[in-house]
Amino acid sequence: MKKIEAIIRPSKLKAVQRGLKDADIPCITVAAVKGTGLQKSYSERYRGTEQSMILQNRVMITCIVSDNKLEECIEVIKENASENKAGDGKIFIYDVEDAIRLSTGVRGNDAIT
């Protein structure tokens, strides 16, 4: 099993969510995050004063998938989240040792399907 964390633009969330659902990967967790990467800072006016903003608003999608769904999940995220510009985001992949469904006690791949 693998844990995928994708940090993407908020405007791309619906498209990624739809793509994952169509690929039979409907279970995701979403969190609003702020961060910075290769994109440049931007200026914003607040109460008449111009301020340089470094942190960008982003969305972090987390999903746990079986090893055989890993590449499909990555491709769906790449296709739906990328504009081929700096600031599109990143995908991180981690190994998951085990998963347990609390309601039934089922473990392993059966717990995530």
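Reader: Which exposed residues does the face of H2 turned away from its buried side carry?

Author: In this predicted model, a residue counts as exposed when its relative accessible area is over 50%. On H2, the face turned away from the buried side holds two residues that are exposed, Glu-71 and Glu-79.

Reader: How wide an arc around the axis do the buried residues of H2 cover?

Author: Leu-70, Cys-73, Ile-74, Val-76, Ile-77 and Ala-81 are the buried residues of H2. Their placement puts them on the same side of H2, because the arc that they cover around the axis is only 160 degrees.

Reader: What distance separates the end C-alpha atoms of H2, and what span should its twelve residues have?

Author: The expected span is 1.5 Å times one less than the number of residues. For the twelve residues of H2 this gives 16 Å, so the model agrees with the expectation, its end C-alpha atoms also being apart by 16 Å.

Reader: Which strands stand at the edges of the sheet?

Author: The open sheet has four strands in the order E2-E5-E1-E6, with antiparallel pairing. An edge strand has a single partner strand, so one side of it is left without a neighbour in the sheet; this holds for E2 (29-35) and E6.

Reader: Which residue of E5 is the bridge partner of Ala-6?

Author: E1 pairs with E5 (residues 56-65) in the antiparallel sense, over seven bridges. Within E5, the residue that partners Ala-6 is Ile-61.

Reader: What angle does the direction of H1 make with that of E5?

Author: Ala-6 has Ile-61 as its bridge partner in E5. H1 packs on the sheet and touches E1, E2 and E5; between its direction and that of E5 the angle is about 10 degrees.

Reader: How far apart in sequence are the parts that Asp-88 and Arg-9 tie together?

Author: The side chains of Asp-88 and Arg-9 form a salt bridge, with an N to O distance of 3.1 Å. Asp-88 is in the loop between H2 and E6 and Arg-9 in the loop between E1 and H1, so the parts that they tie together are separated in sequence by 79 residues.

Reader: Is Asp-88 buried or exposed?

Author: The cut-off for a buried residue is under 20% relative accessible area. Asp-88 has a relative accessibility of 10%, so Asp-88 counts as buried.

Reader: Where do Glu-83 and Arg-9 lie, and how many residues apart are they?

Author: A salt bridge also joins the side chains of Glu-83 and Arg-9, at 3.7 Å from N to O. Glu-83 is in the loop between H2 (70-81) and E6 (89-95), and Arg-9 is in the loop between E1 (2-8) and H1 (13-22); the two are apart by 74 residues.

Reader: Which residues do salt bridges that share partners join into one network?

Author: Lys-12 forms a salt bridge with Glu-83, with 3.5 Å between the closest N and O atoms. Salt bridges with shared partners make one network of Arg-9, Lys-12, Glu-83, Lys-85 and Asp-88.

Reader: How many salt bridges does a search of the whole structure find?

Author: Side chains of opposite charge can pair when their charged atoms come close. Here the criterion is a nitrogen of Lys or Arg within 4 Å of a carboxyl oxygen of Asp or Glu. Over the whole structure, the number of salt bridges found is nine.

Terms used:
Residues are numbered from 1 along each chain as its sequence is written. This is a predicted model: local features need pLDDT of at least 70, side-chain atom pairs count only at pLDDT 80 or more; totals for chains, interfaces and linings use all residues. Side-chain values use heavy atoms; hydrogens and water are left out. Buried means under 20% relative accessible area, exposed over 50%, partly exposed in between (1.4 Å probe, protein chains only). Two strands pair if DSSP finds at least two bridges between them. Contact means heavy atoms within 4.5 Å. Axes are lines fitted to C-alpha atoms, for helices over the stretch in contact, and angles run from 0 to 180 degrees between N-to-C directions. The arc is that of the directions from the helix axis to the C-beta atoms.
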